[in-house]
Amino acid sequence: MSHGTPLGDFLRARREALKPHDVGLPEHGRRRVPGLRREEVAMLAGVSSDYYIRLEQGRENSPSPQVLGAVAQALKLDAEAADHLNRLCRTASQRPRDRGEADVSRELLQLMDGWGHTPAFVIGPALDIMAGNFLATALHSGFDAFDNLARMVFAAPAGREFYQEWERAAHSCVAELRSAYGYNPASARIAEVVTELSDQSEEFAAIWRLHDVKSKSQEGKHLKHPQVGHLHITFAAFTVNGAPHQQLVVYQAEPSSPTAAAFDTLRAMTTQPKNAHTAAPVADRA
């Protein structure tokens with residue numbers, strides 16, 4: 001993690017990612033710092049340099065919505081990144097009360113178990129696998145553990161072979177973690193995952209420092225299972241009513257496609273146990 005403030009770290013990273021020509025400013029000679037200067041962001045946002053510096057240093061605790069909107073525009077933030085900026089400005093008392101992560105409901109487990117042709121699993125904010133149905137577990141059988149999506153991408157030996165578009169999967173995982181972090185910067189579990197993966201993977205640490213923000217997309221995936229080969233899937237993610245920290249992720253194959261046939265083969269190859277769902281034993285998911 002960082003020794004700065006969540007807001008200051010985000011503003012600094014997004015400022016450093018921009019070049020003067022990105023915002024219509026001239027470039028004169030070499031710059032001592034990457035990206036835009038604080039004074040340039042302040043000018044573009046219509047605030048004083050001293051105010052913006054206080055904001056980036058965490059010494060301005062209550063910026064108005066108008067100021068945040070102007071800063072977001074100056075930094076060319078998209079809607080999701082602008083929402084993240086606003087969340088980072090909330091005080092602890094303004095954030096929803098953290099009640100910890102509840103178990104996956106029995107009804108949701110039963111629903112997933114009834115989807116015999118569709119891999120489905122539930123993830124928490126730190127991308128922990130909280131439960132998965134039989135076919136989701138079989139799909140990820142090449143991993144030593146089906147426990148955390150970010151760890152599986154960055155730290156598992158099988159990750160680079162399974163995720164055929166590895167770089168895209170890597171950036172997506174980190175951006176999803178960043179999005180969850182904005183809702184709860186004090187999350188001990190997110191901090192634990194970020195620290196662990198930063199120590200194990202220079203690539204994770206570098207992408208985390210970019211401060212890109214994106215919730216789980218609805219794009220397709222290209223996967224490769226060690227036994228049934230290449231899989232081209234579509235997927236959707238749904239927030240679970242009554243447990244907004246949980247997301248239900250559902251993978252699908254086009255009907256009569258090679259991927260659908262591969263799912264059939266995978267299901268036939270594996271003996272389905274009674275009560276097929278599994279839950280990752282994760283300590284302190286707060």
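Two strands pair if DSSP finds at least two bridges between them. Helices (H or I, at least four residues) and strands (E, at least two) are DSSP runs, numbered from the N terminus. The views below show a predicted model, in which local features need pLDDT of at least 70 and side-chain atom pairs count only at pLDDT 80 or more, while totals for chains, interfaces and linings use all residues. Residues are numbered from 1 along each chain as its sequence is written, and side-chain values use heavy atoms, leaving out hydrogens and water.

**View 1. The open sheet has five strands with antiparallel pairing.** The strand order is β2-β1-β5-β4-β3. The edge strands, β2 (129-132) and β3 (221-225), each pair on one side only. From one strand to the next the twist averages 35°. β1 and β5 pair in the antiparallel sense over four bridges. In a regular strand the side chains alternate between the two faces of the sheet.

**View 2. Strands β4 and β5 form a hairpin.** Strand β4 (residues 229-240) runs antiparallel to strand β5 (residues 243-252), and seven bridges join them. A236 stands opposite V250 in β5. Two residues lie between the strands of this hairpin, where G242 takes a positive phi near 85°.

View 3. Axes are lines fitted to C-alpha atoms, for helices over the stretch in contact, and angles run from 0 to 180 degrees between N-to-C directions.

**View 4. F121 is a member of the largest nonpolar core.** A nonpolar core is a set of buried Ala, Val, Leu, Ile, Met, Phe, Trp, Tyr and Cys residues joined through side-chain atoms within 4.5 Å. Buried means under 20% relative accessible area, exposed over 50%, and partly exposed in between (1.4 Å probe, protein chains only). Of the 44 residues in this core, F121, L149, F154 and Y163 touch the most other members. Helix α10 (residues 166-183) gives the most to the core, with eight residues. Apart from this core lies another, of 28 residues, among them L11, A42, V71 and L77. Not counting residues up to four places away in sequence, F121 touches residues including M112, I129, F146, L149 and Y251 (contact: heavy atoms within 4.5 Å). In β5, the bridge partner of F121 is V249.

**View 5. Helices α1 and α3 cross.** The axes of helix α1 (residues 6-16) and helix α3 (residues 49-56) come within 7 Å and cross at roughly 120°. L7, G8, L11, R12 and R15 of α1 make the contact with Y52, L55 and E56 of α3.

**View 6. R189 and D128 are joined through their side chains.** R189 is in helix α11 (residues 188-200). With a relative accessible area of 5%, R189 is buried. Its side chain makes a polar contact of 2.7 Å with that of D128. A polar contact is a pair of N or O atoms within 3.5 Å; within protein, one must be able to donate a hydrogen and the other to accept it, and residues adjacent in sequence count only if both atoms are side-chain atoms.

**View 7. S256 has a positive phi although it is not a glycine.** The value is about 65°. S256 lies in the loop between β5 and α13 and is exposed, with a relative accessible area of 79%.
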